[in-house]
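My notes follow in the order I made them.

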Amino acid sequence: SIIKVKAVTHRKNPIMQTCIGPSEEHVSMAGIPTEASILNMVEKAMPGRVQNVYAHSSGGGKYMAVIQFKKNMPSDEGRQRQAAILAFSAFSELKHVILVDDDVDPFDSNDVLWAMNTRYQGDIDTVFIPGVRCHPLDPSEGPEYNPMLRDRGMSCKVIFDCTVPYHLKEHFERAKFKEMDASIYAPELFKDK
């Protein structure tokens with residue numbers, strides 16, 4: 001969702017609250033605009049395919065995004081990587097993008113890592129974009145870390161494509177929970193229904 005602010009109000013003699021950083025508060029203040037920028041740009045380019053974007057807190061809300069992408073037809077294959085490239089354009093400080101399918105919860109790190117472990121092969125599902133401007137505060141972005149980098153604040157942006165190829169979707173369906181009638185086991189919870 002995109003939020004549009006129409007007015008800002010305050011009380012008389014307001015209390016000034018500051019951000020405590022580095023903290024989840026700081027990460028959210030950075031991450032929410034990152035998510036909105038990515039979602040807005042990708043939605044304009046390819047409507048309806050990106051389901052969610054999460055600027056993961058381990059990246060400070062800036063370095064890493066998880067994009068949940070829905071492939072509707074065979075010609076959508078490859079568009080997930082285009083969405084990642086657009087994400088890099090939407091937010092230049094972004095360093096890593098992890099792409100997941102619409103059956104993976106992008107806000108659950110365990111689910112994202114599960115997708116990486118079961119739907120990703122490093123040699124074919126990793127896209128490197130070297131020598132690109134990124135965030136200058138990343139300590140690994142400089143010539144002293146990598147002599148191939150010409151200046152501080154440059155990085156190799158990486159796409160981790162943890163989506164199932166469209167033609168294999170039916171072979172990667174997740175196990176479903178069996179339907180059950182809970183009223184059999186706890187009838188007192190269902191008296192009024």
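I began with Tyr-54. Its relative accessibility is 17%, so Tyr-54 counts as buried (buried is under 20% relative accessible area, exposed over 50%, partly exposed in between, with a 1.4 Å probe and protein chains only). This is a predicted model, where local features need pLDDT of at least 70, side-chain atom pairs count only at pLDDT 80 or more, and totals for chains, interfaces and linings use all residues. Residues are numbered from 1 along each chain as its sequence is written, and side-chain values use heavy atoms, with hydrogens and water left out.

**Entry: aromatic pairs**

I looked for ring pairs next. Rings of Phe, Tyr and Trp (its six-membered ring) pair if their centres lie within 6.5 Å; planes under 30 degrees apart count as stacked, over 60 as edge-to-face and the rest as tilted. By that rule I get two aromatic pairs.

Tyr-54 and Phe-107 make a tilted pair, with 5.3 Å centre to centre and 55° between the planes. Where do the two rings sit? Tyr-54 is in strand S1 (residues 50-55), and Phe-107 is in the loop between strand S3 (96-101) and helix H3 (109-118), so the pair ties together parts that are 53 residues apart in sequence. Helices (H or I, at least four residues) and strands (E, at least two) are DSSP runs, numbered from the N terminus. Phe-107 has 42% relative accessibility, so I list Phe-107 as partly exposed.

Tyr-120 and Phe-160 also form a tilted pair, at 6.1 Å centre to centre and 50° between the planes. This pair links distant parts of the chain, 40 residues apart: Tyr-120 is in the loop between H3 and helix H4 (122-125), and Phe-160 is in strand S5 (residues 154-162). Tyr-120 counts as buried, at 17% relative accessibility.

**Entry: Trp-114**

I turned to Trp-114, which is in helix H3. Trp-114 is partly exposed, with a relative accessible area of 31%. What sits over the ring of Trp-114? I found the charged end of Arg-174 there, 3.9 Å from the ring centre. The rule asks for NZ of Lys or CZ of Arg within 6 Å of the ring centre and within 35 degrees of the ring normal.

I then listed contacts (heavy atoms within 4.5 Å). With neighbours within four places in sequence left aside, Trp-114 is in contact with Val-104, Arg-119 and Arg-174. Val-104 is ten residues from Trp-114 in sequence and 8.8 Å away, C-alpha to C-alpha.

**Entry: H1 and H2**

How do helix H1 and helix H2 cross? The axes of H1 (residues 24-45) and H2 (residues 79-90) come within 9 Å and cross at roughly 130°. Axes are lines fitted to C-alpha atoms, for helices over the stretch in contact, and angles run from 0 to 180 degrees between N-to-C directions. H1 is therefore oblique to H2 (under 35 degrees is roughly parallel, over 145 roughly antiparallel, 65 to 115 roughly perpendicular, and the rest oblique). I also noted who meets whom: Ser-37, Ile-38, Met-41, Val-42 and Ala-45 in H1 meet Ala-83, Leu-86, Ala-87, Ser-89 and Ala-90 in H2.

**Entry: Asp-101**

Is Asp-101 buried or exposed? I found Asp-101 buried, with a relative accessible area of 6%. Asp-101 is in strand S3. Beyond neighbours within four places in sequence, its contacts are Gln-68, Phe-69, Arg-119, Cys-162, Thr-163 and Val-164.

**Entry: Ser-57**

Ser-57 lies in the loop between S1 and strand S2 (64-69). I list Ser-57 as partly exposed, at 22% relative accessible area. Leaving aside neighbours within four places in sequence, Ser-57 is in contact with Glu-24 and Val-27.

**Entry: Asn-13**

Last, I checked a backbone angle. Most residues other than glycine have a negative phi. Asn-13 is not a glycine, yet has a positive phi of about 55°. I found Asn-13 in the segment before H1, where Asn-13 counts as exposed at 69% relative accessibility.
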